[in-house]
Amino acid sequence: MGKRIAFENSYKIASTCRHTMFIIDGNLYGCGKNNYGQLGDGTTTDRKSPVQIMPGTKFKYVTTWYDYTIFIDIDDNLYGCGRNDCGQLGDGTTTDRKLPVQIMPGTKFKYVLSRDCYTMVIDIKRNLYGCGRNEYGQLGDGTTIDRKLPVQIMPGTKFKYVSSEWWHTMFIDIDDNLYGCGNNCYGQLGDGTTTDRELPVQIMSGTKFKYVSTEMQYTMFIDIDDNLYGCGNNCYGQLGDGTTIHREKPIQIIPGTRFKYVTTGRDSTKFIDIERNLYGCGDNCYGQLGDGTTIDREIPIQIMKGTKFAENDSTQEVDEGNIDDVEHQRKAE
């Protein structure tokens, strides 16, 4: 029997190429670049060693983007610090914050996701909100107006998953329906067009979904029957359909194989089937697929045959955490 490998329970760490935040025993620390105050220590001094943030307050979740940070404490309060030029901190201003500022005081939150100058959050009642950059309609509020305060998305609908990357956002509601909004230049929303959407549009109506992962210009998702689909940019074969043809409508990947997890990364994709085999496809210029070559793969290739991989059980629960950089599932209880 092959060796079983489980991803580390690392939801308590979030990093970009510039700064890193992590939680140890409920205490929040940060190090690295701090030019916008993204570490939250009250300065703009870069830190080569970790510094504790808000000593005395215990935290359970943190997410980062290049120049800002958002976190949730153990009492479900939401805070943000760092760059705020588009209102991504959600405090009603565009003022950069060196110290954490509380967002929507009085509202309790389950999950937060920070991306390219915009933020998506789910509260404990499963309401979805967005703030910050909105030039392509990625917040899903029906406009292209940047929002300094969180605005509720699709009021009356309750959500359990949200995934976003750069300029488009995908969500799954509590009835397992999939929606998308924002930039759609390669068909990454999967609605059969390349038209940007300011309001969420339902994808593959009648099909129920449990998992979605987004990258800059493409999207991968898994339905409740464990079928894997992809749409959008396919220039390196990252969709895994055996071509480099961009897809405006979702196309099924390896029909007949059932999947439990997928992660997208720039122009390459990895997925795990229900037998816990790992596959990769797409850009492989640095050997990032792990197949022993630097050949791009349009057809998924199995990685480390004989080894069994397991996504962390906690990837299905937001309050148990997830690995921010590899887009583990976004779910609120």
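Start by selecting strand 18 and strand 19 (residues 218-223): the two pair in the antiparallel sense over 6 bridges. Since this is a predicted model, keep that in mind at each stop. For a landmark within the pair, pick F209, which stands opposite D223 in strand 19.

Now widen the selection to the sheet around that pair. In what order do the strands run? The order is 18-19-20-21, an open sheet of 4 strands with antiparallel pairing. Strand 18 (209-215) and strand 21 (247-253) are the edge strands, each pairing on one side only. Look along the sheet and you'll see the twist, which averages 20° from one strand to the next.

Next stop: the nonpolar interior. In general terms, nonpolar side chains tend to be buried together in soluble globular proteins. The largest nonpolar core here has 28 residues, and the ones touching the most other members are I70, L78, V112, M120, L128, V162 and F171. Colour the elements that give two or more residues to this core: strand 6 (59-65), strand 7 (68-73), strand 10 (109-115), strand 11 (118-123), strand 12, strand 14 and strand 16 (178-182).

Zoom in on L128. Which residues does L128 touch, leaving out those up to four places away in sequence? The list is M120, V121, I122, V151, Q152, I153, F159, V162 and F171. Then hop over to a second, separate core of 17 residues, which includes Y211, L228, V262 and C281.

Last, the aromatics. A search of the whole structure finds 19 aromatic pairs. Take Y136 and W167: their pair is tilted, at 5.6 Å centre to centre with 40° between the planes. This pair links distant parts of the chain, 31 residues apart. Y136 sits in the loop between strand 12 (128-132) and strand 13 (147-153), while W167 sits in the loop between strand 14 (159-165) and strand 15 (168-173). Is Y136 buried, partly exposed or exposed? Y136 counts as partly exposed because its relative accessibility is 23%.

For another geometry, select F259 and Y279, an edge-to-face pair at 6.3 Å centre to centre and 70° between the planes. F259 belongs to strand 22 (residues 259-265) and Y279 to strand 24 (residues 278-282), so to speak a link between distant parts of the chain, 20 residues apart. Both F259 and Y279 are buried.

Terms used. Residues are numbered from 1 along each chain as its sequence is written. This is a predicted model: local features need pLDDT of at least 70, side-chain atom pairs count only at pLDDT 80 or more; totals for chains, interfaces and linings use all residues. Side-chain values use heavy atoms; hydrogens and water are left out. Rings of Phe, Tyr and Trp (its six-membered ring) pair if their centres lie within 6.5 Å; planes under 30 degrees apart count as stacked, over 60 as edge-to-face and the rest as tilted. Buried means under 20% relative accessible area, exposed over 50%, partly exposed in between (1.4 Å probe, protein chains only). A nonpolar core is a set of buried Ala, Val, Leu, Ile, Met, Phe, Trp, Tyr and Cys residues joined through side-chain atoms within 4.5 Å. Contact means heavy atoms within 4.5 Å. Two strands pair if DSSP finds at least two bridges between them. Axes are lines fitted to C-alpha atoms, for helices over the stretch in contact, and angles run from 0 to 180 degrees between N-to-C directions.
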